[in-house]
Amino acid sequence: MDVSKPVLLSSEERVQLDKFVRDYNIQLNPTRQPQQNLGRDDFLKILITQLSYQDPSSPMEDKQFIAQMAQFSTLEQMTAMASDFSKLTSMLMGNEASAALGKSVEIAEGEKTIQGLVQAVTRGGAPQVLVNGDFYDWEQVVKVYANEKESTGL
């Protein structure tokens, strides 16, 4: 076999090879899901790789480097904003659940609807309400009534 000559695969052989590699990777780590988006760490790895392998006789131009750093800065700010929005959402859900304390609610649990008085509320990122002796996620609450009369239709 001549190693200096590249080996070309037919399209059928490439498909078989891709399937083999995919199946082998699944065997190695069955719970891994491929990522569709690049994150901050991926961006840094790419930048470090670029800097590590750049040609010293023609280094990266300042404009390119500044543009990449601006992109990284924007990515950092967006990541921070996403984190802040997540915290804000959790806080608003907690406040909303707390405001329902002592009020009648309707909760959707699968096909059935549960009505009752909110007796207690848990804190945290996923607040829960105690209704009729059971805790339910706040996200399951579909209606909150101002008073008992509204929930019974009187």
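In which sense do β1 and β5 pair, and over how many bridges? The pairing of β1 and β5 is antiparallel and extends over four bridges. The legends below concern a predicted model, in which local features need pLDDT of at least 70, side-chain atom pairs count only at pLDDT 80 or more, and totals for chains, interfaces and linings use all residues. Residues are numbered from 1 along each chain as its sequence is written, and side-chain values use heavy atoms, with hydrogens and water left out.

**View 1. The protein chain as a whole.**
The protein chain has four helices and five strands. Helices (H or I, at least four residues) and strands (E, at least two) are DSSP runs, numbered from the N terminus. Along the sequence, these elements follow the pattern α-α-α-β-β-β-β-β-α. Of the 154 residues in the protein chain, 16% are buried; buried means under 20% relative accessible area, exposed means over 50%, and partly exposed lies in between (1.4 Å probe, protein chains only). The protein chain exposes about 12500 Å², of which carbon and sulfur atoms supply 56%. Accessible areas come from the Shrake-Rupley method with a 1.4 Å probe, and for residues only the protein chains shown count as cover. Among the contacts with a separation of 6 or more, 43% join residues 24 or more positions apart, where contact means heavy atoms within 4.5 Å.

**View 2. The five-stranded sheet.**
Five strands form an open, antiparallel sheet in the order β4-β3-β2-β1-β5. Two strands pair if DSSP finds at least two bridges between them. Because β4 (134–137) and β5 (141–145) stand at the edges, each with a single partner strand, one side of each is left without a neighbour in the sheet. From one strand to the next, the twist averages 45 degrees; the axes are lines fitted to C-alpha atoms, for helices over the stretch in contact, and angles run from 0 to 180 degrees between N-to-C directions. Strands of a sheet pair through backbone hydrogen bonds, either parallel or antiparallel.

**View 3. Strand β1 and its two partners.**
Strand β1 (residues 104–109) is joined to strand β2 (residues 112–121) by six bridges, and the two run antiparallel. S104 stands opposite L117 in β2 and opposite Y145 in β5. A108 has T113 in β2 as its bridge partner. The hairpin formed by β1 and β2 has two residues between the strands, and G110 in this turn has a positive phi of about 65 degrees.

**View 4. The surroundings of T113.**
T113 lies in strand β2 and is exposed, with a relative accessible area of 51%. When residues up to four places away in sequence are not counted, T113 touches E106 and I107. Q140 is 27 residues from T113 along the chain, and their C-alpha atoms are separated by 9.8 Å.

**View 5. The hairpins on either side of β3.**
Three bridges join β2 to strand β3 (residues 128–131), and these strands run antiparallel. V121 has V129 in β3 as its bridge partner. The hairpin of β2 and β3 has six residues between the strands, and G124 in the turn has a positive phi of about 115 degrees. β3 and β4 pair in the antiparallel sense over four bridges, with V131 opposite D134 in β4. Their hairpin has two residues between the strands, and N132 in the turn has a positive phi of about 55 degrees.

**View 6. The two salt bridges.**
The structure holds two salt bridges, each defined as a side-chain nitrogen of Lys or Arg within 4 Å of a carboxyl oxygen of Asp or Glu. In one, K19 pairs with D23, the closest N and O atoms being 2.8 Å apart. K19 and D23 both lie in helix α1, four residues apart, about one turn of the helix. K19 counts as partly exposed at 47% relative accessibility, as does D23 at 33%. In the other, the side chains of K112 and E109 meet at 3.9 Å, N to O. E109 counts as partly exposed at 30% relative accessibility.

**View 7. A nonpolar patch on the surface.**
V7, L9, L17, F20, V21, Y24 and L28 form this patch, with about 690 Å² of accessible area together. Patches are made of residues with over 30% relative accessible area and no salt bridge; like charges are joined within 9 Å, and nonpolar side chains (Val, Leu, Ile, Met, Phe, Trp, Tyr) within 5 Å. F20 is found in helix α1 (residues 11–28) and, at 54% relative accessibility, counts as exposed.
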